[in-house]
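I opened a notebook for this structure and put down what I looked up, entry by entry. The sequence and model come before the entries.

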Amino acid sequence: MSQLLNNGWTVVNPNAHIPAPPPTTTLQATVIKEQHSWRTTISFKINNVDYSIAPETINPRTTLAVYLRNHAGLTGTKIGCNEGGCGACTVILSYEFDGVTKHMPVNACLRPIASCDGMSITTVEGIGSKKSGLHPIQSRMVECNASQCGFCTPGWVSNMYGLLLNNSKPNINEIQDHFDGNICRCTGYRSILTAMSSFAAIDDDDEKQNDNNNNDTNNNKSGCCGNETKCKHYAHNKSIDIEDLCSKIPHKESTFPHQVPSLPTTPLCLQTNECTWYTPNTLEQLIDCIQTSTTDPADIEIILGNTASGILKYYDGSIFGTKEQVTPKSVVVELRQVAEMHGSSIGTDGSITIGGAKSINDLITLLKKTSSTDKGHSQIVNHFNRVANNQVRNVGGFAGNLAFARKYPTFPSDCALVLTAANATLSIVSPIDLSNSSSNKYTNNRETNKKIFTTTITIQEYLNTPVDDGKPLIIVSMTIPSLSKNVLFKSFKLAIRRENSHATINFAANVSETKTIQILYHIEKIKGPLHATTTEEYINNLSLAERFNQASLTNAIVKLQADLSSNNISKNSIEFYQCQSLLYKVYLSVQTESLNPKLISGIDWELPRNVSTGTEVYADPGDEKELPVSKGYPKVSKL
Ligand SMILES: Cc1cc2nc3c(=O)[nH]c(=O)nc-3n(C[C@H](O)[C@H](O)[C@H](O)COP(=O)(O)OP(=O)(O)OC[C@H]3O[C@@H](n4cnc5c(N)ncnc54)[C@H](O)[C@@H]3O)c2cc1C
Ligand code: FES
Ligand code: FES
C-alpha cells in the first residue's frame, strides 16, 4: 500500500516492521547482522588463492592497491597517481552476479578492500611471471621494447588481459580504444601499441583500415598490425624492425579462468574501529542500514564504485589546502549488490531504463542496443565513451556521477549535461520525507514507522535539490526516453585531450519533433549544467520556418552571448567563441538536407580516426660508433 504526498512523493509500505535502533554503533551492527544473517568477514581470491580477513584486522576502506602491496606482498601492482588517472594499478576483478560473469579491469587505487568481498582478483603476478612462465602479453611487451622503466607495464598487461578475457578476438580498433586509462612516461606508446596490436584478429574492416594506412604512408610498413600469420603487410617490411620479433611469438590462449566466484547472497556487515561497513543485497536491507545505523544521517557515506574518491580533492578544496581534511564518516553503505538497482530494459517505445547500481559501461552497452535506430542514443554512447577511462567506467556509476555533480556543481559532469538534455528521469528512494523541509532526521518514530519515500524527478530537479547530508536521495533507476523521432540530439565535449580528461566545455542541443530547442552548456569552473534560456526562448518564439535559418542564427548568437555574460563569460573569451561555433554546428546539423555541400564538413564532430601506427627503423648496418644507441635491444632481463 502506498500514499501519495502532495509534493509527488510516495510513502511505500508505511507499516512494515523495522527493528528498534540500538543505542550504540557496536550494538547496531549486531542487531542488523542477526536480522539478515549478515556475514562478518571479507573473503576473496587473489590469483586463485583464497584470502579471508577478519574485520578487526583491517580498515575496510584500505585500497586494494595498498592491500596487494603491503599485506599480500604482491608488489607487481604499482601505485602512480593514486586517483584513477594513470592505470599503473590496474587489476582484474572477476565475479558472477545475477547470472552474468564479469571480468573488469579496474583501478586498484580506488577500490576499497571491502568492495572486493566475494570477488576474484587477478594481478600481473597471476597473469604470468618469470617463475611460472610469462604470458604472451608479457613476452610481447618485452620483445617489442614496450617496457622501459617498467612502472606502467603491469597496468598495461593487466588491462590487455582483461580485454582478452571479455573478447578473445578483438580487432585493432577495439584494442586501441581499450587503452584510454593507461599512461606511460617512457616508451612513447608506439612500441606498446605494437605489442598489443599483435593480438588483433584481422577482419575485412581491418584489412581496409590497413590499406588506408598504407596508402597514407607511401607503402611503408605502417599498415601492419604485427600479426605474422594474418596481416598481409607483415612480410613487406624491409627494414630491421622490432615488430618482427614480437610477431613470431605464438598467440597462446589465456589460461584463465581461475575459478570465478558468484557474489554472496547474504549481505555483509563489518564492524571495525574505523567504520561500520554494510553491503546490503536488497533495497529493504539498504534502507534498514541507513535508518538503523545512526541518529545522525550526515554520518553515513553511500558508495557504489568509489571512483569519485579519485577526483574529490579537486572539488572539496582539500588539494589547495583551503580545507581541513574531512573526517571519514563512521558508517559506509555500499550499493553494488542491491538487487533492485541492477535491472535494465528497453521499452516498446524505445526508451531505456537502467538500475542505479549499473556502471557507465553497462549504460553504454544498453544504449548501443537502441543506437542503430536511435541517433540520439548513439550520440550519448559517443559522449559517454569519453567519460573518464575504461577502468573507471567499468565500476563507476552514472548515478555516482550525477550525485557528485549535485554535490559539487562546478564539476563538469558529462552525465549531468547529456542526460539533462536528453530529458532523462530518475526514480528516487529516500528514507527521509523531503516534503518536510525542516526535517533532516528520520520522520516520526523509527521504531514503529518504517517509511521509504519514492518519487520520479528530472535530472535538473535532482541536481537542484539542495544537498543536505541528512537527506540521501538514492537513485534506484533512470529512464532515458527514445530520441529517435527528434530532429536532432547533439552533444559536444571540448577537453584538453580526447580521452581521460574532464570537459572544458560541454554543450548539447535537443531539437524535438516540433523543432522546439533545448540548449545546455557547462563551462569549466562555472556551476552547471545551465540552459541557455534566452537563446532557447528566442528560437522557440520564431515560426517553424524561421527557426533555423541564417538570420535567426545571427540573432541566436547574440542571445547566446547574453546567456553566457550573465555567468561572467565575456563575449571576447575563448569560451564564448567555442560555444558560438558549437551553436553554429547545431544549426548546420538541423539543416542537413538543404545545406550547401561546402558546409557539410562543419557537421562532423567526431572526425574518424585511423588506427595509430608507427615504424622504428635502424640504419642497416647500424653505425658501429653509435652502438648501443643505434640498435634496438630487447630488454632480455625481463624475459
Ligand atoms: C580519473 C577519473 C577521471 C574522470 N573523468 C570524468 C570525465 O571525464 N567526465 C565525467 O563526467 N566524470 C569523470 N569522472 C567522474 C566519474 O564519472 C565518477 O567518479 C563516477 O561516475 C562516480 O561513480 P561511482 O559509482 O564510483 O560513485 P562513488 O564514488 O561510489 O560515489 C560518488 C557519490 O555518488 C553517490 N552515489 C553513488 N551511487 C548513488 C546512487 N545510486 N544514488 C545516489 N547517490 C549515489 C555517493 O553517495 C557519493 O556521494 C572521472 C573520475 C576519475 C576517477
Ligand atoms: S595509481 Fe594511477 S590509476 Fe591507480
Ligand atoms: S612509465 Fe616507464 S615504461 Fe611506462
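Two strands pair if DSSP finds at least two bridges between them. Helices (H or I, at least four residues) and strands (E, at least two) are DSSP runs, numbered from the N terminus.

I noted the ground rules next: this is a predicted model, in which local features need pLDDT of at least 70 and side-chain atom pairs count only at pLDDT 80 or more, while totals for chains, interfaces and linings use all residues. Residues are numbered from 1 along each chain as its sequence is written, chains are lettered from A and ligands numbered from 1 in the order in which they are written, and side-chain values use heavy atoms, with hydrogens and water left out.

**Entry: the mixed sheet**

I looked up β10 and found it parallel to strand β11 (residues 331-334), with 4 bridges joining the two. I302 stands opposite V333 in β11.

I then followed the sheet across. Its 4 strands lie in the order β8-β9-β11-β10, as an open sheet with mixed pairing. β8 and β10 (300-303) are at the edges with a single partner strand each, so one side of each has no neighbour in the sheet. From one strand to the next the twist averages 15° (axes are lines fitted to C-alpha atoms, for helices over the stretch in contact, and angles run from 0 to 180 degrees between N-to-C directions).

At the other end, β8 (residues 268-271) and β9 (residues 276-279) run antiparallel and share 4 bridges. They make a hairpin with 4 residues between them, and L268 stands opposite T279 in β9.

**Entry: ligand 1**

I asked which residues are closest to ligand 1.

An oxygen atom of ligand 1 is 2.6 Å from an N or O atom in the side chain of T307. An oxygen atom of the ligand is also 3.4 Å from a polar backbone atom of G400. A nitrogen atom of ligand 1 is 3.4 Å from an N or O atom in the side chain of H502.

The elements giving two or more residues to the shell are β10, α14 (390-395), α15 (398-407) and β16 (474-480). α15 gives the most, with 4 residues.

**Entry: the antiparallel sheet**

I found 4 strands in an open, antiparallel sheet, ordered β17-β18-β19-β20. β17 (488-495) and β20 (530-531) are the edge strands, each pairing on one side only. 8 bridges join β17 to β18 (residues 503-511), and K493 has N506 as its bridge partner in β18.

**Entry: backbone exceptions**

Most residues other than glycine have a negative phi, and most peptide bonds are trans. The bond from G528 to P529 is cis, with omega near 0°; P529 is in the loop between β19 (517-523) and β20.

K525 is in the loop between β19 and β20 and has a positive phi of about 70°. Is K525 buried or exposed? It is exposed, at 69% relative accessible area (buried means under 20%, exposed over 50%, partly exposed in between, with a 1.4 Å probe and protein chains only).

Notes
Near = heavy atom within 4 Å. Polar contact = N/O pair within 3.5 Å; in protein donor to acceptor, adjacent residues only side chain to side chain.
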